[in-house]
Amino acid sequence: MIRRWLSKIMYGRYGIDMLSITILIAAVFLSLIGQLTQQIALVLISYIPLWYVIYRTLSRQTQKRYAENQKFLKLTANLRNWTSKKWFRIKDSRYHRYFKCPTCNQTLRVPKGKGKIEITCPKCKTRFTKKV
Ligand SMILES: [Zn+2]
């Protein structure tokens, strides 16, 4: 029932995307800070991005909204790439250690728990010993 009603309302409308989700998270964050520091102005300001997200989600100009999202994804590509790399490293740190080659600064990933090992840089062939 609700689902049918929702799909009727959302018909021809843009819906949610990464840009909207990001704005939404920022708005909730802003509102939380406002509530914690008891800054009412901040809480009120946080409604602006919230309304913007609702406007985008219900927008019928899907091409325009799509283009906005693509622009946003392009602008944040480096940051998202960097974050996911860091995140992978944190998860991977249980099984691997990371070193920088002393000669060429290349990042090297070696298995953990093997004791003292000799590492050969695949880029410049420099050899160095590390405990892993
Ligand atoms: Zn190297």
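Are R127 and E118 buried or exposed, and what is the answer for each? Both R127 and E118 are exposed, a class assigned to residues with over 50% relative accessible area, with buried meaning under 20% and partly exposed in between (1.4 Å probe, protein chains only). The model is predicted: local features need pLDDT of at least 70, side-chain atom pairs count only at pLDDT 80 or more, and totals for chains, interfaces and linings use all residues. Residues are numbered from 1 along each chain as its sequence is written, and side-chain values use heavy atoms, with hydrogens and water left out.

**View A. Salt bridge between R127 and E118.** The two side chains meet at 2.9 Å, N to O. A salt bridge is a side-chain nitrogen of Lys or Arg within 4 Å of a carboxyl oxygen of Asp or Glu.

**View B. Salt bridge between R56 and D17.** The N to O distance is 3.0 Å. Because R56 lies in helix α4 and D17 in the loop between α1 and α2 (18–36), the pair ties together parts that are 39 residues apart in sequence. Helices (H or I, at least four residues) are DSSP runs, numbered from the N terminus. R56 is buried, with a relative accessible area of 0%, and D17 is buried at 9%.

**View C. Salt bridge between E68 and R65.** These side chains meet at 2.9 Å, N to O. Both residues lie in helix α5 (residues 62–75), three residues apart, about one turn of the helix. E68 is partly exposed at 24% relative accessibility, whereas R65 is buried at 4%. Salt bridges that share partners join D17, R56, R65 and E68 into one network.

**View D. The aromatic pair of Y52 and Y55.** A search of the whole structure finds one aromatic pair. The ring centres of Y52 and Y55 are 6.2 Å apart and the planes stand at 25 degrees, so the pair is stacked. Rings of Phe, Tyr and Trp (its six-membered ring) pair if their centres lie within 6.5 Å; planes under 30 degrees apart count as stacked, over 60 as edge-to-face and the rest as tilted. Both tyrosines lie in helix α4, three residues apart. Y52 is partly exposed at 33%, as is Y55 at 42%.

**View E. R89 over the face of Y98.** R89 lies 4.1 Å from the ring centre. A charge sits over a ring if NZ of Lys or CZ of Arg is within 6 Å of the ring centre and within 35 degrees of the ring normal.

Methods. Helices (H or I, at least four residues) and strands (E, at least two) are DSSP runs, numbered from the N terminus.
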